[in-house]
Amino acid sequence: MWKSGVTLARALRPRSAPRLGSKASSRASKPAAACHLLWSSETQFSQAGQPKDYALPNASWSQGMLNLYNEFVEKSKDGTWKRIPSYRHSLDHIPDSVKLEGEKVQKDTRLFLRNLDEEGLGFEYVMFLNPSEKRMVTVYQPGPYLEGHPGFTHGGSTAAMIDSTIGSCAIFVAGRVMTANLSIDFKNPIPLGSVVLVDSKVDRMEGRKVFLSCQVWSADGQTLHAEATALFIQLASLTRR
């Protein structure tokens, strides 16, 4: 099996159930106060007329979320991984060079995963890309507005996060794509407020078809919550700006 994103926060290992060893779990992370200052600084930056990057720590992030985030940030220092910014509007993610003619941000729309104003209630997440391995991982903390069975995350919200993670992975390999098929096996429910690692990779490409797979693990690497496979189709004959 392919390598797990949970353990890759420390070191690359075979893709058996990923584990975070005691050294990683005991590693000191940035204090919450420092993360809150970073969040406040980003808010001020967004008020200056630039899109706000929501893939940065905010006051709702748990210590477990901060720990995984900091570990991947550390892994990003040598260029192996890259943090992916996340904005409220879909088009803010797309460079002008690949936008369709006439495309512009509609202020009355929002990206589905960034549709709530108050932090911590819905999807709290940050993505990291490993270009050489064609992998995308998402550190994800589901909030109380994503409840399905009492105390657990709705399966539809888990599917949305899997789709977004796999889709983002496909985009960085094939450019603009759309979902053609997504198949998910749910293994264990995800408790609300917990932290999971959504780990996706490109398996192969056939013409315009991009085949991917994904696994969702608990932050400690002990519980497999879901497995998925997907087919994305590369959009053809795009009219550039």
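Which side chain does the side chain of Ser 213 make a polar contact with? The partner is the side chain of Asp 203, at 3.1 Å. A polar contact is a pair of N or O atoms within 3.5 Å; within protein, one must be able to donate a hydrogen and the other to accept it, and residues adjacent in sequence count only if both atoms are side-chain atoms.

## Model and confidence

This is a predicted model, in which local features need pLDDT of at least 70 and side-chain atom pairs count only at pLDDT 80 or more, while totals for chains, interfaces and linings use all residues. Residues are numbered from 1 along each chain as its sequence is written, and side-chain values use heavy atoms, with hydrogens and water left out.

The pLDDT, the predictor's confidence in each residue from 0 to 100, averages 80 over the protein, and 71% of the residues score at least 70. Over residues 1-48 the pLDDT is below 50, and this stretch has 98 contacts (heavy atoms within 4.5 Å) beyond near neighbours in sequence. Where pLDDT is low, the predicted coordinates should not be read in detail.

## Ser 213

Ser 213 lies in strand β6, residues 209-218. Strands are DSSP runs of E with at least two residues, numbered from the N terminus. Ser 213 has a relative accessible area of 10%, so Ser 213 counts as buried (under 20%, with a 1.4 Å probe and protein chains only).

## Strand pairing

Two strands pair if DSSP finds at least two bridges between them. Strand β7 (residues 224-234) runs antiparallel to β4 (residues 177-186), joined by nine bridges; Phe 186 has Ala 226 as its bridge partner in β7. Nine bridges also join β6 to β7, again antiparallel, and Leu 212 is partnered there with Ala 230 of β7.

The hairpin of β6 and β7 has five residues between the strands, and in this hairpin Gly 221 takes a positive phi near 75°.

Notes. Helix = DSSP H or I, 4+ residues; strand = E, 2+ residues; numbered from the N terminus. Buried < 20%, exposed > 50% of the residue type's maximum accessible area, 1.4 Å probe, protein only.
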